[in-house]
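Q: I'd like a close look at the aromatic side chains in this one. Here's the structure I mean.

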Amino acid sequence: MALAKDWMIPSANAPYLGCVNVDVSPFGYADFLAGAGAPQVLYYGEVLPVNWTATDFAVTFYAGQAGTTTWSMQAACFAPGSAVTGTPAYGPAVSAIGTASGSGSLATATLMGVAANGVAECAPGAAVQYRLTRTDASEVIDAYVIGTTETLRSN
């Protein structure tokens, strides 16, 4: 996943974006800081396909030490082509915990049913904005998101 390409970075409350070694590697990450004062967020938008029923995400991350990290994601839908203004009406948050077994080890948190047909004005053909947040920001470890995998379910 290319975070800068696929995810929208807000002007406030964004995770720190970085690269492992910019001279030799394209490996980028979004560092959701431990102890952040305000929730850090990333946004992703798309138009849902005509046979869509639900959307799931898997968040892949690593941490500086062993521990758990809780992720939350919500979806807000609106008419395609219209701008998202103000605070969209997000549906219920879906949360999942990922556990890193040690420094630098990869972990995955799977968020099932982030968006569903009939929830938060979501329906086939609607535009959707997803909001990814780390909800355990008081933990002592930073969580470095290195990728997400989206699954669009259909009937």
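Which residue lies over the face of Y90, and at what distance from the ring centre? While you're there, walk me through the ring pairs too.

A: Bear in mind that this is a predicted model. The residue over the face of Y90 is R131, at 3.9 Å from the ring centre. That's within the 6 Å cut-off for a charge over a ring, so the contact counts.

Now the ring pairs. A pair of aromatic rings is described by the distance of the centres and the angle of the planes. Searching the whole structure turns up nine aromatic pairs. One of them is W7 with Y44, a tilted pair with 5.5 Å centre to centre and 45 degrees between the planes. It joins distant parts of the chain: W7 is in the loop between α1 (3–6) and β1 (16–19), while Y44 belongs to strand β3 (residues 41–47), 37 residues apart. W7 counts as buried because its relative accessibility is 3%, and Y44 counts as buried too, at 18% relative accessibility.

Another pair is F32 with W71, and this one is edge-to-face: 5.0 Å centre to centre, with 90 degrees between the planes. F32 sits in strand β2 (residues 28–32) and W71 in strand β5 (residues 67–78), so this pair ties together parts that are 39 residues apart in sequence. Both F32 and W71 are buried.

Back to W7 and Y44 for a moment: ring pairs link them with F57 and Y130 into a cluster.

Terms used: Residues numbered from 1 in each chain as written. Predicted model: local features only at pLDDT ≥ 70, side-chain atom pairs only at ≥ 80, totals over all residues. Heavy atoms only, no water. Phe/Tyr/Trp six-rings, centres within 6.5 Å; stacked < 30°, edge-to-face > 60°. Helix = DSSP H or I, 4+ residues; strand = E, 2+ residues; numbered from the N terminus. Buried < 20%, exposed > 50% of the residue type's maximum accessible area, 1.4 Å probe, protein only. Lys NZ or Arg CZ within 6 Å of the ring centre and 35° of its normal.
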